[in-house]
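This report walks through one protein chain, part by part. The sequence and the structure come first, and the description follows.

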Amino acid sequence: MEWCSWLSKTSLEPSLVYEYALTFTHNELVQDDIAYFDDEFLQSMGIFVAKHRQKILKLAKRDQKKSTTSSRNHMLWLIVAIKQANKLVAKRLKMWTCRPDSISCNFAVAPLRNYSTRWKAAMLKRNTKLSTAN
């Protein structure tokens with residue numbers, strides 16, 4: 001991550017931005033680590049001025065809100081895309097299965113067979129065979 005550009009969004013002095021960016025780089029931090037920034041963490045890295053830590057934490061919090069919002073937007077976009085695809089598929093299926101001269105298109109749905117009675121009968125037959133064999 002480009003720490004200088006990220007830290008320049010704060011009102012810190014440019015020399016401090018450069019110094020703190022070097023600190024983040026030397027500690028091999030990446031953008032995903034921003035979510036774990038807290039006061040103790042920044043202080044352990046050498047940012048001893050409380051006001052500077054506060055500004056960095058505000059920026060981290062603001063960025064975290066943006067990433068959460070953007071992930072929500074991606075989910076909404078995905079849901080909308082799925083709904084549109086569903087409508088398009090239904091339209092194409094209707095076009096392929098309906099006759100042009102028919103007034104209404106009704107899909108014939110085959111009734112589901114109930115196999116529970118056959119299954120029960122087969123299990124009873126099996127159990128009686130097993131009990132008579134013993």
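Predicted model: local features only at pLDDT ≥ 70, side-chain atom pairs only at ≥ 80, totals over all residues.

A search of the whole structure finds 1 salt bridge.

The two partners can be described by their accessibility. Asp39 counts as partly exposed because its relative accessibility is 36%. Arg53 has a relative accessibility of 6%, so Arg53 counts as buried. Side chains of opposite charge can pair when their charged atoms come close.

Asp63 sits in helix H4, which covers residues 50-97. Asp63 is buried, yet it has no salt bridge. Which side chain of opposite charge is nearest to Asp63? It is Lys9, at 4.4 Å.

When residues up to four places away in sequence are not counted, Asp63 touches Trp6 and Lys9.

## The overall chain

The chain has 5 helices and 0 strands. Read along the sequence, its pattern is α-α-α-α-α. Of its 134 residues, 18% count as buried.

The accessible surface comes to about 11,400 Å², and 59% of that surface belongs to carbon and sulfur atoms. Among contacts in the chain with a separation of 6 or more, 45% are between residues 24 or more positions apart.

## Aromatic pairs

How many aromatic pairs does the count come to? The count is 6 aromatic pairs. One of them joins Trp3 and Trp6 edge-to-face, at 5.6 Å centre to centre and with 85° between the planes. Both of these residues lie in helix H1 (residues 3-7), 3 residues apart, which is about one turn of the helix. Trp3 counts as buried because its relative accessibility is 3%. Trp6 is also at 3% relative accessibility, so Trp6 counts as buried.

Trp3 and Phe24 make an edge-to-face pair as well, with 4.9 Å centre to centre and 70° between the planes. This pair links distant parts of the chain: Trp3 is in helix H1 and Phe24 is in helix H2 (residues 14-26), 21 residues apart. Trp3 and Phe24 are both buried. Ring pairs link Trp3, Trp6, Phe24, Phe37 and Phe41 into a cluster.

## The nonpolar core

The largest nonpolar core holds 18 residues, and the members that touch the most other members are Trp3, Trp6, Leu7, Phe24, Phe37 and Ile56. Which elements give two or more residues to this core? They are H1, H2 and H4. H2 gives the most, with 5 residues.

The surroundings of Trp3 can be listed in detail. Leaving aside neighbours within four places in sequence, Trp3 is in contact with Ala21, Phe24, Thr25, Leu29, Val30, Gln31, Ile34 and Phe37. Of these, Phe24 and Phe37 also belong to the ring cluster that includes Trp3.

His52 lies in helix H4. Is His52 buried or exposed? His52 is buried, because its relative accessible area is 15%. Not counting residues up to four places away in sequence, His52 touches Leu12, Leu16, Tyr20 and Ile47.

Glu19 is found in helix H2. Glu19 has a relative accessible area of 42%, so Glu19 is partly exposed. The C-alpha atoms of Glu19 and Ile47 are separated by 9.6 Å, and these two residues are 28 residues apart along the chain. Ile47 is also one of the residues that His52 touches.

Terms used:
Residues numbered from 1 in each chain as written. Heavy atoms only, no water. Phe/Tyr/Trp six-rings, centres within 6.5 Å; stacked < 30°, edge-to-face > 60°. Helix = DSSP H or I, 4+ residues; strand = E, 2+ residues; numbered from the N terminus. Buried < 20%, exposed > 50% of the residue type's maximum accessible area, 1.4 Å probe, protein only. Lys, Arg positive; Asp, Glu negative; His and termini not counted. Salt bridge = Lys/Arg side-chain N within 4 Å of Asp/Glu carboxyl O. Contact = heavy atoms within 4.5 Å. Core = buried A, V, L, I, M, F, W, Y, C linked by side-chain atoms within 4.5 Å. Areas by Shrake-Rupley, 256 points an atom, 1.4 Å probe, with all protein chains shown as cover.
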